[in-house]
Protein chains: 4
Amino acid sequence: MIITLKSDTTQKGIDQVVQKIKELGFTPHISKGAERTIIGVIGENAIRYRNVFEAMFIVESIVPISKPYKLVSREFKKENTKVKIGKVEIGGKAIVVMAGPCAVESRDLLLEVAQQVKEAGAKILRGGAFKPRTSPYSFQGLGKEGLKLLAEVSRITDLPVVTEVMDPRQVEMVSEYVHIIQIGARNMQNFDLLREVGRGSRPVLLKRGIASTIKEFLMSAEYVLSGGNYDLILCERGIRTFEDATRFTLDLSAVPLIKKLSHLPVVVDPSHGTGMRDLVAPMSRAAIAAGSDGLIVEVHPRPEEALSDGLQSVIPQDFHRFMKEIKSIARVLGRGS
Amino acid sequence: MIITLKSDTTQKGIDQVVQKIKELGFTPHISKGAERTIIGVIGENAIRYRNVFEAMFIVESIVPISKPYKLVSREFKKENTKVKIGKVEIGGKAIVVMAGPCAVESRDLLLEVAQQVKEAGAKILRGGAFKPRTSPYSFQGLGKEGLKLLAEVSRITDLPVVTEVMDPRQVEMVSEYVHIIQIGARNMQNFDLLREVGRGSRPVLLKRGIASTIKEFLMSAEYVLSGGNYDLILCERGIRTFEDATRFTLDLSAVPLIKKLSHLPVVVDPSHGTGMRDLVAPMSRAAIAAGSDGLIVEVHPRPEEALSDGLQSVIPQDFHRFMKEIKSIARVLGRGS
Amino acid sequence: MIITLKSDTTQKGIDQVVQKIKELGFTPHISKGAERTIIGVIGENAIRYRNVFEAMFIVESIVPISKPYKLVSREFKKENTKVKIGKVEIGGKAIVVMAGPCAVESRDLLLEVAQQVKEAGAKILRGGAFKPRTSPYSFQGLGKEGLKLLAEVSRITDLPVVTEVMDPRQVEMVSEYVHIIQIGARNMQNFDLLREVGRGSRPVLLKRGIASTIKEFLMSAEYVLSGGNYDLILCERGIRTFEDATRFTLDLSAVPLIKKLSHLPVVVDPSHGTGMRDLVAPMSRAAIAAGSDGLIVEVHPRPEEALSDGLQSVIPQDFHRFMKEIKSIARVLGRGS
Amino acid sequence: MIITLKSDTTQKGIDQVVQKIKELGFTPHISKGAERTIIGVIGENAIRYRNVFEAMFIVESIVPISKPYKLVSREFKKENTKVKIGKVEIGGKAIVVMAGPCAVESRDLLLEVAQQVKEAGAKILRGGAFKPRTSPYSFQGLGKEGLKLLAEVSRITDLPVVTEVMDPRQVEMVSEYVHIIQIGARNMQNFDLLREVGRGSRPVLLKRGIASTIKEFLMSAEYVLSGGNYDLILCERGIRTFEDATRFTLDLSAVPLIKKLSHLPVVVDPSHGTGMRDLVAPMSRAAIAAGSDGLIVEVHPRPEEALSDGLQSVIPQDFHRFMKEIKSIARVLGRGS
């Protein structure tokens, strides 16, 4: 249930509504806009108490929400959410590209790639310290050592950093080293992890699960927002289908569809979404053309030596080239970069 | 097996090779380029006779083809195939948009839409006379009457026409009225129908089956080419996945991937591929950005009255608007429209 | 809309209702039961004329049908349909096994297999004369020659024969040689072919398309019944999913679910459904345990020499063995074999 | 790489091989059979040191393993693994049925269901204390309170208990209350959780992820075994496909296929696998007929009041009935219950 208050409601009025919501056993979520204040009432069957609030003279309207997600919905918040990381803003006018190696392998390599992607126009550095690997015998990432390297290279290059967390016990520690916490596709429904980052203060990049519907994706986002963390970026990264010519099927329709349903920013990962280096450039262009707020791309100077996902990493020269095309397409849509 | 002949081979030399291929029980497919002639040898295990041809002094090289498709492959033909329909060329520098109502419903409506889409920049008129419907009780199309209307409106507007054929017994008749024969997704593996249009003289628009891999899609194209008809346009129109927020999952990765594997032109159908009007414009932009040679779009002035697929038809005004964006994106990629 | 007539209605009364239905532009489908007569009224929005029929004193009740299929539904006909082919009855108490080679390859092989599967308890011989092949260069079946061999071996062994038809132009010819017409998975939505066998007199075995929902499957069955042919057997044969360890994913839940929704008999094809010889026996047992009315199994004495689908054919000795297990499981469920 | 030692090898000989493996930086996994000892050498590219071990006279044979999983494979261990929980043995001759409510809701209800399923022949009690819910606003389980109820009802009824864990921080605590730790489908690739239960001492029931191939499923099992915990039971519970008539598509082919590839026991969850009460009985019969070692079934006396998954719970009377059919089918396959 969403309560819209009249435009001249005072703070005291807001407090009264909030207190009533709490008394009834529900959780209030307050969103103050330029003109008026909207309060989401979270809890099952809250709509049964509709008349309690309708009776309050400061209430303008009440909208029951049948969608299973609330805080993430466009009904709850009409304007696009802009997630700010230092000087970078995701979800605003400019498209934002995050780039870097799949896994952090060494300081030199990380620094080399970071400088190259920065020069090409990337605004955020990506790199994995903890790697989710299908096999227990594959390289699992450098762990804390990798986090330290990310933090160091971030300082040198002045690029904010995004990295993946898999274990709720590591959220706090990782948050000390990086600027954006990534939840990977395999953990999209790891609800304890979602609650943990929901309680945290770092912006979250949530990847869509490979078998998740868009509705389930938004429900997982709801876990984070309902924990109090509103700085969430959604990421389409391909779904699992019968087609085996590509590693996954990148579902670009998800971009304009999520934009309709939710106020949250959406970015696309063409590297994991296709699993093929040659498709990264065309699908990056397509993602931006479909309305994506940005990209997250794997770049590696020597893909054949990469410890993880070499097949889908592009080399810096190619990255440089398609960044130009992307900027031109962004301009066609009235967006900078 | 593909035989490349030396650049100075005479017609007599070509004839000798062709005769040898036939003697051995195989089928020759000759492709004369500007510089040299290439001959595909079709038939199982043709490669066993490699040495027979290697011994001929006019043969430059022999390439065994392990891919199950041959005539449609880039190995067989390096240059892009351009399918010509009157003054229109699909697969060339310019992108080509086909547009029109899902089903032909009446002369007036068809003419109205045809004039509107032409004005917006569409080069080909689409419209169904025979409609494949899941239910035997749904509107099945106007049949021959619809074909006549298509032909008439084509004459008035000077737009070539594409329409679907479902029954091999109707290929000849339909070919008299329209310029491009469409094979729908449900019939992508209707092999008797593929053979029938392969023997025909009309260009063919082959839609990908909803559960077809790209490899199977190209194999079905191979049926048409191996019948002697090389004027084939491939069309990505969405595959069936678990995601039910959209009608199908439009697999845009298929566009750059097919471009790598095959010389045939590729277009995209964002209307059936998403099943949602609001997604047609963004996915059309994305398709062009991914490298598609064109689009096939459903346009209807009053979608709520459409006898078929109203939900996914865009209105002429919106079509006009996104045609402009598409042209701008095409220019970014160095293509006209 | 389904009209149930009072139990003492005369033929004259039935004729009156039928005539009224026709006058209104709908198609009547009459089903005379032991006790009372039911008339299906086919056509869009027939329910609008409900009051016309309610006013007739011989009408007991009228049920609007919201399901998109009508004639195939349990609402339309409560009792199981039993399809009779000579002495064999599919859909009755006994389970029925159809077996034979994938493709008809030679008279001797066909006769050898037919005698072996008959001895093991199979009641119907299967074998393909026209083979739908992904590649235009693969063995396409013996065609009419294969039909003649099937007819001859049928006479010798006294086993009825089921074979696939792909082209509507061949339905009549094939019907002269065999007892059951099979529509393959690729043609489940080849509506012209469905209409053709719907007009025919031979029982039809309709296979589920690899990307077809159960609802679509029943809609295709509706095409056949609405053409006047009520002798239809449905066949689950695996759907396409992301799992690639098996050729398809055999959806056995479809068996009890279809039994709930429809009165038509259901059989299972464990050979195509798994694509692996070792899985044919366990999945055959599972199919019968799930309530299937029968099986259609590929048997070949020398699978490694088979011209088609050798990997999934079982050898006669193994077939003999699992037929015994199947009979025991059938008995547990109160069914013979 | 798997090293098989000669049958008369002493403990000292075994120790020498083990030490050598460790020296080379690999991890040894020792499996002592009745006749001979087998040692798995875990680590990437261990096979490069093949000659080191071939030179040892106590080594009988060395088998390189190309499959990405090792400890779970049939090559590593030929005999079926039998997981013992008190007097119950899963993977042995008898089939084992686990049953109970989806979520633990109250002591009385849990005790009522436990006594009913025990009477019907169930050997293990299931019930969720921590529930993974798509929505943050749905009932999330009783938590620790639920664990205490499970432990109490287990003591009263003498039924061992299985329950789900989602958070690695709770593995130790949950292990104090229950006999089998369940890893749910959503956490099949929660690698930190897998490692945690791999280090634990409780048998593990690992459910297949809804988008996981069988290969990935076995890889996740490998995480647990490589942690030292060999008591693992695999559970097929349905995969996500395009079919929406059932909640998931129960992939029964997985049962005989996993039995071929692995020595681990396999059970089936027909409740989540179909999501429909009416399909639980037929799919339970089918699972046993396909070779499953057991079932895990949701039973609730008043499904309409269940706080979770009421639609798919069967009532005790129906459970009683189909347990009889299951026992009969098990006997056909030479198995008790």
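Asp158(A) sits in the loop that runs between helix H4 (144–157) and strand E9 (161–164) of chain A; helices (H or I, at least four residues) and strands (E, at least two) are DSSP runs numbered from the N terminus. Its phi is near 60°, a positive value in a residue other than glycine. Most residues other than glycine have a negative phi. Over in chain B, Asp158(B) is found in the loop between helix H4 (144–157) and strand E9 (161–164) of that chain, and Asp158(B) also has a positive phi, about 60°.

A quick word on the ground rules. This is a predicted model, where local features need pLDDT of at least 70 and side-chain atom pairs count only at pLDDT 80 or more, while totals for chains, interfaces and linings use all residues. Residues are numbered from 1 along each chain as its sequence is written, chains are lettered from A and ligands numbered from 1 in the order in which they are written, and side-chain values use heavy atoms, with hydrogens and water left out.

Now step back to chain A as a whole. Chain A is divided into domain 1 (2–63) and domain 2 (83–332), with bounds that come from an automatic or database domain assignment. The centres of these two domains of chain A, taken over C-alpha atoms, are 36 Å apart.

How do the two chains relate?

On to the interface. Here 38 residues of chain B are in contact (heavy atoms within 4.5 Å) with 38 residues of chain A. Because 100% of the interface residues of chain B are also interface residues in chain A, the copies meet through the same surface. Together the chains bury about 2800 Å², 73% of it on carbon and sulfur atoms; that is the accessible area (1.4 Å probe) that the two parts lose on being put together, summed over both.

There are four salt bridges between chain B and chain A, each a side-chain nitrogen of Lys or Arg within 4 Å of a carboxyl oxygen of Asp or Glu. In one salt bridge, Lys260(A) pairs with Asp278(B), with the closest N and O atoms 2.9 Å apart. The elements giving two or more residues to the side of chain B that touches chain A are helices H8 (254–261), H10 (277–289) and H11 (316–332) of chain B. H10(B) supplies the largest share, seven residues.

Over all chains, the salt bridges come to 84. Within chain B, Arg285(B) and Glu325(B) meet in a salt bridge at 3.1 Å, N to O. Arg285(B) lies in helix H10 and Glu325(B) in helix H11 of chain B, so the pair ties together parts that are 40 residues apart in sequence.
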